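Take a moment with the sequence and the model.

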Amino acid sequence: MIPRSFLRALGKPGLHVVYGGPSSFKTAFSLSAALHITKSKVLYVGLARHSLLHPEPSDRVAVAAVPNLKQELHFLLSLDLIPDNIDVVVYDGFSAYYLPLRFYMRESAITRLQLLAASKLYALAASRAVPVLVTTQEVSGRRPLAYRVLRFYAQDFVRLERTEAGLRLVLAGKDLDERLSASLEPEELGVEKQK
């Protein structure tokens, strides 16, 4: 099970960034944490490949598949339409649609798109007093993708790292200063350990 200290931090209203390398169980961790944080309903928003490979909708999980940039922008501009019974939001795949734009647009335009997304998710967390768990990839320097933007809006960052022993969790502040760490077996998240 996810350590209580991590659940307490992630359960506070605000934006929380979960990041790590490929196959570091970011989606499983975020969804498991969200379901432990609330007894009510979780909204899972899947972007890019997560719009196809998402959890099954259930009594506790509502799913919004966002298959392209146009629909992501529409979703972000319609956040006030999210039902009142949603207590936690998992936004899986932050900035996934912006990376390919690097070949066609200036970096400043991409940064503005990231700012729009982060500010809208932050406003949702603040206005509804709910936690919003944002997952993104890790880039060089052990930083999350879009860190320059996310650090202004995020309360904290959780870095996931696969190790031989399982999964290492690191809770860090806005400057990625480590506050606490723990280990976890992938099976505790409801997934099989991959080799």
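**A helix and what surrounds it**

Helix α4 has 22 residues, and at 1.5 Å a residue it should span 32 Å. The end C-alpha atoms of α4 are 32 Å apart, which agrees. The expected span is 1.5 Å times one less than the number of residues. Helices (H or I, at least four residues) and strands (E, at least two) are DSSP runs, numbered from the N terminus.

This is a predicted model, in which local features need pLDDT of at least 70, side-chain atom pairs count only at pLDDT 80 or more, and totals for chains, interfaces and linings use all residues. Residues are numbered from 1 along each chain as its sequence is written, and side-chain values use heavy atoms, with hydrogens and water left out.

How far does the predictor trust its own work? The score is pLDDT, its confidence in each residue, from 0 to 100. The protein chain has a mean pLDDT of 92, and 97% of its residues reach 70 or more. Among helices and strands, confidence is lowest in α4 (residues 107-128), with a mean of 93. Strand β1 (residues 14-20) has the highest, at 98.

Which residues of α4 are buried? They are Ala-109, Ile-110, Thr-111, Leu-113, Gln-114, Ala-117, Ala-118, Leu-121, Leu-124 and Ala-125. Buried means under 20% relative accessible area, exposed means over 50%, and partly exposed is in between (1.4 Å probe, protein chains only). An α-helix has 3.6 residues a turn, so residues three or four places apart point the same way. Now look at what covers these buried residues. The cover includes β1, α3 (69-77), β4 (86-92), β5 (131-139) and α5 (147-153). After α4 comes Ala-129, whose phi is positive, near 55 degrees.

Leu-76 lies in helix α3 and is buried, with a relative accessible area of 1%. Its contacts (heavy atoms within 4.5 Å) are Tyr-91, Tyr-98, Ala-117, Lys-120 and Leu-121, not counting residues up to four places away in sequence. Leu-76 and Ala-118 are 42 residues apart in sequence, yet 9.5 Å apart in space, C-alpha to C-alpha.

Next come the charges. Side chains of opposite charge can pair when their charged atoms come close. A salt bridge is a side-chain nitrogen of Lys or Arg within 4 Å of a carboxyl oxygen of Asp or Glu. How many salt bridges does a search of the whole structure find? It finds five.

One of them joins Glu-138 to Arg-159, with the closest N and O atoms 2.6 Å apart. Glu-138 lies in strand β5 and Arg-159 in strand β7 (residues 154-163), so the pair ties together parts 21 residues apart in sequence. Is Arg-159 buried or exposed? Arg-159 is buried, at 9% relative accessible area, whereas Glu-138 is partly exposed, at 23%.

Another salt bridge joins Asp-175 to Arg-151, with the closest N and O atoms 2.8 Å apart. Asp-175 sits in the loop between β8 (166-172) and β9 (178-184), and Arg-151 in helix α5, 24 residues apart. Salt bridges that share partners also join Glu-138, Arg-142, Arg-159 and Glu-161 into one network.

Arg-151 leads on to the rings. Its charged end sits over the ring of Phe-152, 5.7 Å from the centre. That label requires NZ of Lys or CZ of Arg within 6 Å of the ring centre and within 35 degrees of the ring normal.

Notes: pLDDT is the predictor's confidence in each residue, from 0 to 100.
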